[in-house]
Amino acid sequence: EEILEAQVGPASTDQIILATAGYDHTIKFWAAHTGACTRTHQHPDSQVNCMEILPDGTMLMAGGYQHIRMYDLISGNLNAIVNYEGITKNIMSVGSQEDGKWMYTGGEDCSARIWDLKMRNLSCQRIFQANAPVNAVCLHPNQQELFVGDHSGVIYRWNLKNDESEQLIPEPGSAIQSIDIDPQGKFMAVVNSKGKCYVWSLSTDDKDTTQLQPKIQIPAHTKHGLACKFSPDSSLLATSSADKTVRVWRTADFTGQEATPIQELTCQNQRWVWDCKFTADSNYIITASSDSVARLWNIKTGTIKKEYQGH
């Protein structure tokens, strides 16, 4: 089965960076508008489980089995410029602080970690120990709290300022697969292995600590949930699943008892949809699925605008 990841980098004047990766041990970059593959980076020894482009568009971080690799997107160098091997098991989640000073990872070694990016060789600065393999890590827009989701169904809120943590268990025993917080810091969503999506509204108390208020519980999918992502304008939430669909929800609908998807993105060949990502204008979604294809969808019409084939 090919697992694919999709990442959309910041739009520069000349191009939008679209990167995909999967079980064929490659990372591919695409001209988003034409669908042509512009370069292929080898990712030897392992599949790519997760990746993230730094906010300034200069580097791509990739997490695989027992390692983290970083690729320079500015130079023509196709080889990893950072190759960190000192980790057991799979890295399942990776992301970075908004100024690119540090990055975070979560992995099957039951930990979330903070890494210093100011030096070329990665050094792990802090470790948060969970009680089960970590599938998902999300940084709050305040850049001070990490939300960590594990395989046993626990969500930890790790306050990086005072090193305190709290637990939240929406559905015991159902693995947290993905966590996202919208750019405005109003909502947090998770999807779990039962296909359920839980949404909380977020507020800040006088100690700058985020308070979570349960908002809505959505039976989003009939099978395993795989990813959830908010749109850049915070108006939409996309959830993807092993049921071969991506469903798009309006955040304005999270006030009631139930929500209905405004769009379902699926096609005949699509299999498990492992990842999805909105474009910067919030009008399109890129999906990556087990049929080895990434697709660009028009949310309004529910139609495929472009397919990226090469994995």
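Reader: Which residues is Asn192 in contact with, leaving aside its neighbours within four places in sequence?
Author: This is a predicted model. Asn192 is found in strand S18, residues 187–192. Leaving aside neighbours within four places in sequence, the residues in contact with Asn192 are Glu171, Ser174, Ala175, Ile176, Gln177, Tyr198, His224 and Gly225.

Reader: Is Asn192 buried or exposed?
Author: Look at the relative accessibility of Asn192, which is 2%. Buried means under 20%. So Asn192 counts as buried.

Reader: With which side chain does the side chain of Asn192 make a polar contact?
Author: The side chain of Asn192 reaches the backbone nitrogen of Lys194 at 2.9 Å. That is a backbone atom, and you asked for a side chain. At 2.8 Å, the side chain of Asn192 makes a polar contact with the side chain of Glu171.

Reader: How many bridges join S18 to S19?
Author: These two strands form a hairpin with 4 residues between them, and Gly195 there takes a positive phi near 85 degrees. Across the pair, Met188 stands opposite Trp200 in S19. S18 and S19 run antiparallel, and the number of bridges joining them is 5.

Reader: How many residues of strand S19 are buried?
Author: Strand S19 spans residues 197–204. The strand is mostly covered. Of its 8 residues, the number buried is 6.

Reader: Which residue in S20 is the bridge partner of Val199?
Author: S19 is joined to strand S20, residues 210–218, by 8 bridges, and the two run antiparallel. They form a hairpin with 5 residues between them, where Asp208 in the turn has a positive phi of about 65 degrees. In S20, the partner of Val199 is Ile216.

Reader: Which strands stand at the edges of the open sheet of 4 strands?
Author: The order in this sheet is S13-S14-S15-S16, with antiparallel pairing. An edge strand here has a single partner strand, so one side of it is left without a neighbour in the sheet. The edge strands are S13 (134–139) and S16 (165–168).

Reader: Which residue in S14 does Cys138 stand opposite?
Author: S13 and strand S14, residues 145–150, run antiparallel. The two are joined by 5 bridges. In S14, Cys138 stands opposite Phe147.

Reader: Where is Lys244, and is it buried, partly exposed or exposed?
Author: Most residues other than glycine have a negative phi. Lys244 is not a glycine, yet its phi is positive, about 75 degrees. Its place is the loop between strand S22 (236–241) and strand S23 (246–250). Because its relative accessibility is 41%, Lys244 counts as partly exposed.

Reader: What about Ser282: buried or exposed?
Author: Ser282 also is not a glycine, and its phi is positive, about 65 degrees. The residue lies in the loop between strand S25 (273–278) and strand S26 (284–289). Its relative accessibility is 6%, so Ser282 counts as buried.

Reader: What is the radius of gyration of the protein?
Author: The C-alpha atoms fill a box of roughly 45 × 45 × 35 Å, taken along the principal axes. Of the 311 residues, 57% count as buried. A compact globule with 311 residues would have a radius of gyration near 19 Å. The protein agrees with that, at 18 Å.

Technical notes: Residues numbered from 1 in each chain as written. Predicted model: local features only at pLDDT ≥ 70, side-chain atom pairs only at ≥ 80, totals over all residues. Heavy atoms only, no water. Buried < 20%, exposed > 50% of the residue type's maximum accessible area, 1.4 Å probe, protein only. Polar contact = N/O pair within 3.5 Å; in protein donor to acceptor, adjacent residues only side chain to side chain. Contact = heavy atoms within 4.5 Å. Pairing = 2+ DSSP bridges. Rg over C-alpha atoms; globule rule 2.2 N^0.38 Å.
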